[in-house]
Amino acid sequence: MANSSADMSVREPITHVIFDMDGLLLDTEKFYTEVQELILARFNKTFDWSLKAKMMGKKALEAAHVFVEETGISGSLSAEKFLEEREETLQKLFPTAELMPGVSHLVKHLHENAIPMCVATGTLRHHFELKTQRHGEIFSMMHHVVVGDDPEVKKGKPSPDIFLAAAKRFKGGPLDPRKVLVFEDAPSGVAAAKNAGMYVVMVPDPRLDSSFHEAADEVLSSLSDFNPSNWGLPPFKDVSS
Ligand SMILES: O=P(O)(O)OC[C@H](O)CO
Ligand SMILES: [Mg+2]
């Protein structure tokens, strides 16, 4: 289904929206890339997008295990030690996080039209607080936020746990997953949304291999290109659609 919206004639309109955060609402994936490149350089290795694709969207410890094992450095650096080493730099970078293009317009539009929204992010709660500290207005429009260290999220993406927990916490939840639209940037996140039975719009980094697009119901270069009407959501007033 990738590259085209799911067929409106065979499904009901979307009533609820779940946003991923890192790399989707916030331009924060670059911070992880930066620190991971620095750590690998110490081992004379380079960080690339095939490794990035396997890590992004996952819970911190799960991604850390992928990092040390895939790069063959687990004998010298444990997953736990890797997390410890990158923490100080990440804590300095996170408060500088910027919104991704199109986020403000879309979130405000859905809020004005009373479409319930939430965030489902693999990130840890204390990192969520640092990343969002300059973006209170946008995040206050979310009905709730589910983070990676939430007790109900037993397994990270691609497990459906986080999206099922997120859908359950809306007023009237749990919801029919076929009425929920997820926005994601990561292959693990797209898989998690599909495993939860939901529709998913993928907004991937252009450096991600296009084979990862296939699992998504729609693929966009930017959230600015999203057309709510394609999903039965209220149309933008400033666009004829
Ligand atoms: O993409 P998110 O928001 O689920 O975050 C996951 C990690 O924190 C970063 O890949
Ligand atoms: Mg993400």
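What distance separates the centres of domain 1 and domain 2, taken over C-alpha atoms?

1. The separation is 23 Å between the centres of domain 1 and domain 2, taken over C-alpha atoms. Domain 1 covers 8–27 + 97–228, and domain 2 covers 29–95; the bounds come from an automatic or database domain assignment.

2. This is a predicted model: local features need pLDDT of at least 70, side-chain atom pairs count only at pLDDT 80 or more, and totals for chains, interfaces and linings use all residues. Residues are numbered from 1 along each chain as its sequence is written, while chains are lettered from A and ligands numbered from 1 in the order in which they are written.

3. Helix α3 (residues 60–70) packs against helix α4 (residues 79–93) at about 110°, with axes 8 Å apart. Axes are lines fitted to C-alpha atoms, for helices over the stretch in contact, and angles run from 0 to 180 degrees between N-to-C directions. That makes α3 roughly perpendicular to α4 (65 to 115 degrees). Helices (H or I, at least four residues) and strands (E, at least two) are DSSP runs, numbered from the N terminus.

4. Strand β2 (residues 117–120) is covered on both faces. Met 117 and Val 119 are buried on one side, Cys 118 and Ala 120 on the other. Buried means 20 or more other C-beta atoms within 10 Å of the residue's own, with C-beta atoms placed from the backbone.

5. β2 pairs in the parallel sense with strand β1 (residues 16–19) over 3 bridges, and likewise with strand β3 (residues 144–146) over 3 bridges. Pairing needs at least two DSSP bridges. Cys 118 is the bridge partner of Ile 18; Val 146 is that of Ala 120.

Technical notes. Parallel < 35°, antiparallel > 145°, perpendicular 65-115°, else oblique. Buried ≥ 20, exposed ≤ 12 C-beta atoms within 10 Å, placed from the backbone.
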